[in-house]
Amino acid sequence: QILYLKPPWTLVNLLKCYKKHWMSVFGYVVPRSLLSTVECLSKHLCTDKPFDSSTVHVLLQESKKLLHAFSSRSDYNGVLPQAYAAVSKLCERLGEVRGASVEQDLSEDIMVLSENTEKMEATTPNLPNSEEKELHPNFHVAQESRHQEIWSVLEGVWNTMNLYSIEIFQKLDPSAVTMAAKSSFEEAFLGLQKLLAAVKDIQEGISR
């Protein structure tokens, strides 16, 4: 009867209502700490600025947290389970796309690192002393660039590990299991096997 904004609501209006009535209404239905989830969604969804796949993943996970919290109150005539299943499906698709992208990037980065290593090994040891002194700063720049490339590859591995780990632990949580849990768990497991092989290749490349 008393609302900050009257229906029908857009997504922006809905998030504003959440924040406005959080302490007096919604905080009594779901954990009040979830206000940070609402603020996160509001910050990214109430803007025209584009965002990357990592941000999309975070937004999907935060949406699942909010939907799951409200599921303890009601299924809202079946609407909430449908919404949760749809968001979960988006998470799975995003995971597949990101996994394939990271795997391709890893292969490309390993090739680049190997080529750079071979070039540096072929050129730097044979330099005369005078030329070596003159090119010494450039050598450090090349080394720094190489370190950044290695760091980028390892960061990609870490992000992928986190992605799959989050999915696995969510599937192991009985309160968060959906109908698509089995296939998603198997996909995550297979993805981890591929990731282990990629990490082994990186380790061998760095050792060389």
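Predicted model: local features only at pLDDT ≥ 70, side-chain atom pairs only at ≥ 80, totals over all residues.
The protein contains seven helices and zero strands. Read from the N terminus, the order of elements is accordingly α-α-α-α-α-α-α. The chain has 208 residues, of which 29% count as buried. The accessible surface amounts to about 14000 Å², and carbon and sulfur atoms account for 60% of that surface. Where contacts are made between residues at least 6 apart in sequence, 60% of them join residues at least 24 apart.

Packing was examined for two helix pairs that share α2. Two packed helices are described by the angle between their axes and the distance between the axes. For α1 and α2, the angle is about 150° and the axes are 10 Å apart. Angles over 145 degrees count as roughly antiparallel, and α1 and α2 are therefore roughly antiparallel to each other. Their crossing is left-handed. On the α1 side the contact is formed by L11, L15, Y18 and K19, which meet L35, V38, E39, L41, S42 and L45 of α2. By class, the residues of this contact comprise seven nonpolar, one polar and two charged.

The second pair consists of α2, residues 35-45, and α3, residues 53-71. The axes of α2 and α3 come within 10 Å and cross at roughly 140°. An angle of this size does not exceed the limit of 145 degrees for a roughly antiparallel pair, and α2 and α3 are therefore oblique to each other. The crossing of α2 past α3 is left-handed. From α2, the residues T37, V38, C40, L41, H44 and L45 take part in the contact, and their partners in α3 are T55, V58, L59, E62, S63, K65 and L66. This contact divides into seven nonpolar, four polar and two charged residues.

Several residues of α2 take part in both contacts. V38, L41 and L45 are listed among those that meet α1 and also among those that meet α3. E39 and S42 belong to the contact with α1, while T37, C40 and H44 belong to the contact with α3. An α-helix has 3.6 residues a turn, so residues three or four places apart point the same way. The buried residues of α2 are T37, V38, C40, L41 and S42. These buried residues pack against α1 and α3.

Most residues other than glycine have a negative phi, and most peptide bonds are trans. The peptide bond that joins P7 and P8 is cis, with omega about 0°.

Notes: Residues numbered from 1 in each chain as written. Heavy atoms only, no water. Axes fitted to C-alpha atoms, helices over the stretch in contact; angles between N-to-C directions. Helix = DSSP H or I, 4+ residues; strand = E, 2+ residues; numbered from the N terminus. Parallel < 35°, antiparallel > 145°, perpendicular 65-115°, else oblique. Left-handed = near helix turned anticlockwise from the far one by under 90°. Contact = heavy atoms within 4.5 Å. Nonpolar A, V, L, I, M, F, W, Y, C, P; charged D, E, K, R; others polar. Buried < 20%, exposed > 50% of the residue type's maximum accessible area, 1.4 Å probe, protein only. Areas by Shrake-Rupley, 256 points an atom, 1.4 Å probe, with all protein chains shown as cover.
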